[in-house]
Amino acid sequence: LYERVIKLMKNNAFNTEHRLVNKLCDSDPTTPEPKMGACMEAMSGFFNRPKNTNVRISLPAVCFVWQIVMIILFGVFMRYDKESDAHWLVTKKEENITSDIENDFYYRYPSFQDVHVMIFVGFGFLMTFLRKYSFSAVGFNFLIAAFGIQWALLMQGWFQSLDYTDGKIKIGVENMINADFCVASCLIAYGAVLGKVSPVQLMVMTLFGVTLYAVEEYIISNLLHARDAGGSMIIHTFGAYYGLTISRILYRPNLNQSKHLQGSVYHSDVFAMVGTLFLWMFWPSFN
């Protein structure tokens, strides 16, 4: 009942402001000058009204549209390389390959598993350090990683793995590892805005973060030919400054009202320590 009353009050306030704006901004031929000051004041109140933070409709809609677009783009541009294709046995016989160890997929798949665990488990539990956002942090980490990896495969593929003979992106296990690296930079930035943004804003942040990452990776690796040990520049530095930039853009003066929610409790610290241990154990595969 309380929620219905609040919703009704908001709707009435919206309709009242809407009628006020229309009344003040309608041009009257008998009036020599429109009431511009009152009009601007009314419009300012209209656009600065309290925002609706309910994501029950916007989040599923954004995820649905994102996934449909990914399916279409994957169908148009993505193809497996010969080592990851299901016809590997035929290729192995035609090229007289005697052992699967010569296949990069079998050789690097353990490293892919380790990095994947770091992304979904290590970063996921690392972000549980805030007592108020522990459970949502794991879920949002899963959301960012799942959607970000798909977009990273496309963006990095267009810059790195595009076959110009047929216009297709040939992906293999190395592309999956590099996509995990790309998402790692977005998760680093995610730590800077944890508890301050909605999941829809996180999706937008991931979209732009992956795009910028692919561009700066191409510049550093292919144009400058820099040796980036452990991804210190491409992954960690980019993620840190991207997170700081997003936090500055989204800053609002009243954000300090929620500072009492930024502390930790015993169980949130324990889960964050578990995430730290997973990152530490699998770090050799990351490098």
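Predicted model: local features only at pLDDT ≥ 70, side-chain atom pairs only at ≥ 80, totals over all residues.
1. In soluble globular proteins, nonpolar side chains tend to be buried together.

2. Ile-119. Leaving aside residues up to four places away in sequence, Ile-119 touches Gly-124, Asn-141, Ala-145, Asp-180, Val-183, Ala-184 and Leu-187.

3. Sheet. An open sheet is formed by 3 strands in the order S1-S3-S2, with mixed pairing. Strand S1 (78–80) and strand S2 (162–163) are the edge strands, each pairing on one side only. The pairing of S2 with strand S3 (residues 168–171) is antiparallel and covers 2 bridges. Within S3, Lys-168 is the residue that Asp-163 stands opposite.

4. Helices across the sheet. Helix H3 (residues 58–77) lies across S1 and S3, at about 55° to S1. Helix H6 (residues 134–161) lies across S1, S2 and S3 and runs at about 105° to S3.

5. Aromatic pairs. The model has 14 aromatic pairs. One of them, Trp-283 with Phe-286, is stacked, with 4.9 Å centre to centre and 20° between the planes. Both residues belong to helix H11 (residues 283–286) and sit 3 residues apart, about one turn of the helix. Are the two partners buried or exposed? Trp-283 is partly exposed because its relative accessible area is 34%, whereas Phe-286, at 6%, is buried. Elsewhere, ring pairs link Phe-105, Tyr-106, Tyr-109 and Phe-112 into a cluster.

6. Asn-96. Most residues other than glycine have a negative phi. Asn-96 is not a glycine, yet its phi is positive, about 55°. Asn-96 is placed in the loop between helix H4 (88–94) and helix H5 (104–126). Its relative accessibility is 65%, so Asn-96 counts as exposed.

7. His-225. A positive phi is also found at His-225, a residue other than glycine, where the value is near 55°. Where does His-225 lie? His-225 is in the loop between helix H8 (199–223) and helix H9 (232–249). With a relative accessibility of 60%, His-225 counts as exposed.

Key. Residues numbered from 1 in each chain as written. Heavy atoms only, no water. Pairing = 2+ DSSP bridges. Helix = DSSP H or I, 4+ residues; strand = E, 2+ residues; numbered from the N terminus. Contact = heavy atoms within 4.5 Å. Axes fitted to C-alpha atoms, helices over the stretch in contact; angles between N-to-C directions. Buried < 20%, exposed > 50% of the residue type's maximum accessible area, 1.4 Å probe, protein only. Phe/Tyr/Trp six-rings, centres within 6.5 Å; stacked < 30°, edge-to-face > 60°.
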